[in-house]
Each structure stands twice: as C-alpha cells, then as structure tokens.
Amino acid sequence: MILDLDIGNTLSKWRLKDVESSEIRSRGAVWTREEWRPGADIPDLDVVEAVRISSVARAAVLNDTVQLLRHQVRQVYVAHSTAEALGVVNGYEEPGRLGVDRWMGALAGYQLAGGCCAVDCGSAITVDFVLPGGRHLGGYILPGLRLMKESLKLGTRNVAIDPDSEADELLMPGRRTVEAVNHGIYMAAVSAVNRIYSEVCDQQGVALPMLLTGGDARVISRGVQIPHSVWPDMVYGGLEACFPLTLAERAGKMAGAPRIAEPASLEKIRAGLAFSMLL
Ligand SMILES: Nc1ncnc2c1ncn2[C@@H]1O[C@H](COP(=O)(O)OP(=O)(O)OP(=O)(O)O)[C@@H](O)[C@H]1O
Ligand SMILES: CC(C)(CO)[C@@H](O)C(=O)NCCC(=O)O
Ligand SMILES: [K+]
C-alpha cells in the first residue's frame, strides 16, 4: 500500500492506495497536531511500503512525522515547492515559499487540464493560476469559511454552514445573526472566486478550466457560476505526478481526476466582469 498524506493547518488527510490495482482502499482525517502518533484513527503502517507527504504544518510537525514513518516504511517522499516541475514554472519570487499544497494542486491541475485555475477551499481559500504552456502566475490567499466566521467573534463560530444547503438560500439576506454571518462569509468566498477568475482570465486573455478542492469545495462549488470541476484528491494528484509509483501513475493517471468542464468563452467572462464593475 501507498500512504498519501496531506497535512493541512487544521486537518491531516490520509488515504491508502493499492500499489497493484491503483485503487483507493481507505481514507480518513485527523487533527493536525504537534505530535502526530499512529493510533486508532490512522492506518496500520505494517501494510505500507511507501509514503508521500504534502505538508504546510510547522516544520516540527513534518519532521516528527517523517522520523516516525522512516522507522517503519522503506520509502518516504516529501514534496517541496520548487522553481520548476512537470512543465510548470513556479511564479513566486521565492519559489520555496509557495505553500506545497498549492504547488501540488497547480501541478495536478496542469497535468490534467493544461492551463488552469486551481482553487483550494480549506482553512484558507487559495486560488492559483497556470497558463497553457506552464507559467504559474502566483495566486491569492484569503481566509477560509471557518476562519472568516471565527474572526467575527459573534458567538456563531460553532454553527457551521450546512454543507447541503442550496447556494440560492445561502446568498439571501440573513434574518438571524448566525444566518447573516453564514450568508455573508459565503457571499465573500464565492464572489471572490468568481471575480478573481474573471479578472485574471481577462488580464491574460485566456479562458482557463477551473478546478476546486478542499473541505469546503462542495458548498463553494454550488455558488460559483463559472464552469468548473470538483476534485477532492487534487493535492494527492500532485503527489502522484511528482512521485509516480504504480503503473497507472507512471502512465500519467491521477486517482479521482474529474472530467474537465469546458470553460466559458473569454467574451462571456469579460461580459460578466464588465457587468460586475458597473455595480
Ligand atoms: N471535521 C472538520 N473539522 C474542521 N473543518 C472541517 C471539518 N469538516 C469540514 N470542514 C471544513 O473544511 C474546511 C477545512 O478544509 P480542509 O480539510 O481542506 O482544511 P485544511 O486542510 O486543514 O486546510 P488547509 O489545507 O488550508 O490548511 C474548514 O473551513 C471547514 O469548514
Ligand atoms: C495558504 C496555505 C495556509 C493554504 O493551505 C498554505 O498553502 C501555506 O501555508 N502557504 C504558504 C504561504 C504561501 O503560499 O505564500
Ligand atoms: K488544503
């Protein structure tokens, strides 16, 4: 088995992938903590022959995790943001400072779709752009839904947005504090994603496919009018592309990759942008 780890600021996500069949056997998530010890909530390392890690947690968390895994697993691969990989040129002035989860998402998106807009809706919401040809432009970082809510300190932090709510309802004016907050932060997130996408496509003169991932991808997806695909395993896709181990991965296949939604025409994107600038 291959153990893939996506260590975020809040949650550490894992999945087990069968080396022979390339199938995902199990998955889960644990809180990201200082000491990441195997227990009931993480997989049995006896069956694991290789580990691939993307981590944006503090260096100590990653070091401890790697130390621990090296005792029991022969191959441990840790992803880093580099100046160039798989045909993509990192747009950061200091490439190593780009969050490796963003880099993995951008690489996976490029491998799947060519130029793309990769959106990760986690503790933070990040939006990254790669042009056809592989130039990564950099991106945008904004607070995620939960962080926005917590920063308001209105006593509503424990009332999460129901992930099954319809976007239409979430975009209505709230008539209770909790509703006003949930609808406000939802509006902030989806309008930012819509606007950022349109601005950058307009600036660059290209309509890019959009891909969404992260814990809040599903609910944000419902409010984003731009054609897009949701790819829960997008960060893992970057790990597969950087460290291919199975036959399917060597052939360039990434697990759970969605069908790419055809982007709207540049004219349509520009018309939408012109309209929003009138408001
Ligand atoms: N059990 C959960 N605990 C915390 N957040 C959750 C949970 N389930 C869903 N979420 C939502 O998922 C979001 C976090 O998503 P994700 O799992 O991508 O976070 P993360 O990986 O820790 O973030 P990041 O990678 O940006 O550090 C939160 O904003 C929250 O709304
Ligand atoms: C922005 C987050 C927190 C999103 O997980 C992560 O990618 C990160 O810590 N990035 C480092 C800063 C940067 O990407 O510029
Ligand atoms: K993430």
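This is a predicted model: local features need pLDDT of at least 70, side-chain atom pairs count only at pLDDT 80 or more; totals for chains, interfaces and linings use all residues.
Reader: Let's start with the sheets. What's the strand order in the one with E1 in it?

Author: That open sheet has 5 strands in the order E3-E2-E1-E4-E5, and the pairing is mixed. Strands E3 (24-31) and E5 (75-78) stand at the edges with a single partner strand each, so one side of each has no neighbour in the sheet. On average, neighbouring strands here are turned by 15 degrees against each other, direction ignored.

Reader: And E4 with E5, parallel or antiparallel?

Author: Parallel: strand E4 (residues 50-55) pairs with E5 over 4 bridges. Across that pairing, Arg52 stands opposite Tyr77 in E5.

Reader: What about Arg27, where does it sit?

Author: Arg27 is in strand E3. It has 15 C-beta neighbours inside 10 Å, so it counts as partly exposed. The C-alpha atoms of Arg27 and Ile42 are separated by 8.8 Å, with the two residues 15 apart along the chain.

Reader: OK, what's the strand order in the sheet with E8?

Author: The order is E10-E9-E8-E11-E12, an open sheet of 5 strands with mixed pairing. Its edge strands are E10 (136-143) and E12 (228-230), each pairing on one side only.

Reader: Which strands does E8 pair with, then?

Author: E8 is joined to E9 by 6 bridges, and the two run antiparallel. They form a hairpin with 2 residues between them, and Asp120 has Thr126 in E9 as its bridge partner. E8 also pairs with E11, in the parallel sense, over 4 bridges. There, Cys117 stands opposite Met210 in E11.

Reader: And what about E11 and E12?

Author: Strand E11 (residues 210-213) runs parallel to E12, and 3 bridges join them. Leu212 stands opposite Val230 in E12.

Reader: How many residues of H7 are buried?

Author: 9 of the 9 residues of helix H7 (residues 234-242) are buried, so this helix is largely enclosed by the rest of the structure. Among them are Met234, Tyr236, Glu240 and Cys242.

Reader: You mentioned a positive phi. Which residues other than glycine have one?

Author: Leu86 is one, with phi near 50 degrees, and Lys153 is another, at about 50 degrees. Most residues other than glycine have a negative phi.

Reader: Where are those two, and are they buried or exposed?

Author: Leu86 is in the loop between strand E6 (84-85) and strand E7 (88-89). With 15 C-beta neighbours inside 10 Å, Leu86 counts as partly exposed. Lys153 is in the loop between helix H3 (145-152) and helix H4 (167-170). Lys153 has 8 C-beta neighbours inside 10 Å, so it counts as exposed.

Reader: Last topic, the ligands. What surrounds ligand 1?

Author: 15 residues surround ligand 1, the closest being Gly8, Asn9, Thr10, Gly122 and Gly215. By class, that shell has 4 nonpolar, 8 polar and 3 charged residues. Domain 1 (2-78) and domain 2 (84-278) each give at least three residues to it.

Reader: And which residues surround ligand 2?

Author: The shell around ligand 2 includes Gly8, Asn9, Val56, Arg97, Asp101, Arg102, Thr126 and Ile141. Helix H2 (100-113) and strand E9 (124-130) are the elements that give two or more residues to it. By class, the shell divides into 4 nonpolar, 5 polar and 3 charged residues.

Reader: Where does ligand 2 lie relative to the two domains?

Author: Ligand 2 lies between domain 1 (2-78) and domain 2 (84-278), because both give residues to the shell around it.

Methods:
Residues are numbered from 1 along each chain as its sequence is written. Chains are lettered from A and ligands numbered from 1 in the order in which they are written. A residue is near a molecule or strand if its C-beta atom, placed from the backbone, lies within 6 Å of it. Ala, Val, Leu, Ile, Met, Phe, Trp, Tyr, Cys and Pro count as nonpolar, Asp, Glu, Lys and Arg as charged, and the others, Gly among them, as polar. Domain bounds come from an automatic or database domain assignment. Two strands pair if DSSP finds at least two bridges between them. Axes are lines fitted to C-alpha atoms, for helices over the stretch in contact, and angles run from 0 to 180 degrees between N-to-C directions. A residue is buried if 20 or more other C-beta atoms lie within 10 Å of its own, exposed if 12 or fewer, and partly exposed in between; C-beta atoms are placed from the backbone.
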